[in-house]
Each structure stands twice: as C-alpha cells, then as structure tokens.
Amino acid sequence: MAIKKGLFKTSVGRKNLMAVTGLFIIFFLIIHLIGNLILILPNSFFPVEFWGGVENTHDMYNAYSHFLVSFWPVTLVAWVLYAAIIIHVIDALLITIQNRKSRGEKYQVTDNSTSTWYSRNMGVLGTIIGVFIVLHMAQFWLKYKVLETEHDLYELVFATFKVWWFVLIYEIGIIALGFHLVHGIESAHRSLGIYPKKVMNIIKYIAVCFSLVMAVLYAIIPIILYFK
C-alpha cells in the first residue's frame, strides 16, 4: 500500500524528505555564514592578491557578492535552495496536518515530559523563520539581484543594520533559527536512520553545539555593524 502511494506520500517518506531538504538548507547556512563574516573582518585580514586586488573589506564583500550572482553554478545551487525551502515548508505543513489527524480527539491528554518546548513548537519557530526569510530576501536579494536597484551590497547591508528595529528583527529570527536547528538536526538523523540509537546522545550534543555556534556567529554580525 505504501509503495503504491509513492515514496514521499507516506509518513516515513515525508519525514525523509524533510530531513534531506533540511540538511541541504543547513549546508547553505554554513556557506552563507562564511561569506557574511567578511562584513566584520578588518581591512588587513586578507592579502590584496586574495580577491584579485581589492583593498578593503568593502571591496572584498562586494567582490564576493558579485561572484555569487555572476557564476552560473552558484545560481543553479541557489535555485535548488529555493526549491528545497519551498518543499521543506510544504512538507512541514503536511506532516503537521497528518499528526493532528492521528492524535484523534482535540482534548486528548498528551505527555510532554520527555520533549522540549522548542520541539513542541517547531511550527511557531518555523513561521517566525519564514517571515524573517521573506523580509531578509526583500531587503537584500530582491533589491540587489532581481530589481538591481542597489549595486553596492556592502553599503546596503551596512545601512540596513544601522536601523535598530531591523537588527532586532534579525536577532529574533536568528534565535528562532537556532532552536529550530537543534531539534531539526536531531530529527533529521533519526528520520534517515543513519546512526544507531546508542549514539543519538552524541548527535544531540553536536546539534546543540553546532546550532549555538551558528546562532551566535549570525547574531553578532548585525550587532557589530550597528555599533561600527
């Protein structure tokens, strides 16, 4: 019966799809973070030859951004990323609907003693992250890559993070992302069945450490630029 329905129409299939798309998004987050850390590097961090003659952080970041929008393999990966995000969101909605149906009656008592608050509120965290992504892409991706109304991405980012309320929105989004990653990484490995149960405690520890590092590094960028 499950085979006839199709791999990704079953409960297990949807969870596997959620895991694969989630892990791909995490890979992008790592690459994206590495690039954005250029924003807070001192002008003397790289030798001039590293970026082909650039003289400061401003030029380094703009050269990096230009490379991303002009190198076609990166553009291809970007479209795969957009597809992964859309699939991830749709899959999450389908899983949520299925879980609610499987619980039966609305007033059924649920034991939450073994779960964390963020694992029980992944939908809320995901909604916050979704709103943050829309605002983030409208402010940067849309203006720089699509509409091409802004040609100096460094100046756009720098000016944006001089606005306190945008920094606050960014920090809220990153906090939500950090908690989402903790549960998401653990759930992804459990869904894919890559590791036996005896090492899941190690996976949980790695998930917490990785999510904390990612959240802190992402969060300090707008704060440093605000006070720079």
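## How α6 and α8 cross

The crossing of α6 and α8 is left-handed, a term used when the near helix is turned anticlockwise from the far one by less than a right angle. Helices here are DSSP runs of H or I with at least four residues, numbered from the N terminus. The two axes, lines fitted to C-alpha atoms over the stretch in contact, lie 9 Å apart and form an angle of about 135°, on a scale from 0 to 180 degrees between N-to-C directions. That makes α6 oblique to α8, since oblique covers the angles left over once those under 35 degrees (roughly parallel), over 145 (roughly antiparallel) and 65 to 115 (roughly perpendicular) are set aside.

The model is predicted, so local features need pLDDT of at least 70 and side-chain atom pairs count only at pLDDT 80 or more, while totals for chains, interfaces and linings use all residues. Residues are numbered from 1 along each chain as its sequence is written, and side-chain values use heavy atoms, with hydrogens and water left out.

## Residues around F161

Leaving aside neighbours within four places in sequence, F161 is in contact (heavy atoms within 4.5 Å) with F140, F166, V167, Y170, P222, L225 and Y226. Among these partners, F140 belongs to the α6 side of the meeting with α8, and F166 and Y170 to the α8 side.

In the loop between α6 and α7 lies E148, a residue other than glycine whose phi has a positive value, near 55°.

Conventions: Helix = DSSP H or I, 4+ residues; strand = E, 2+ residues; numbered from the N terminus.
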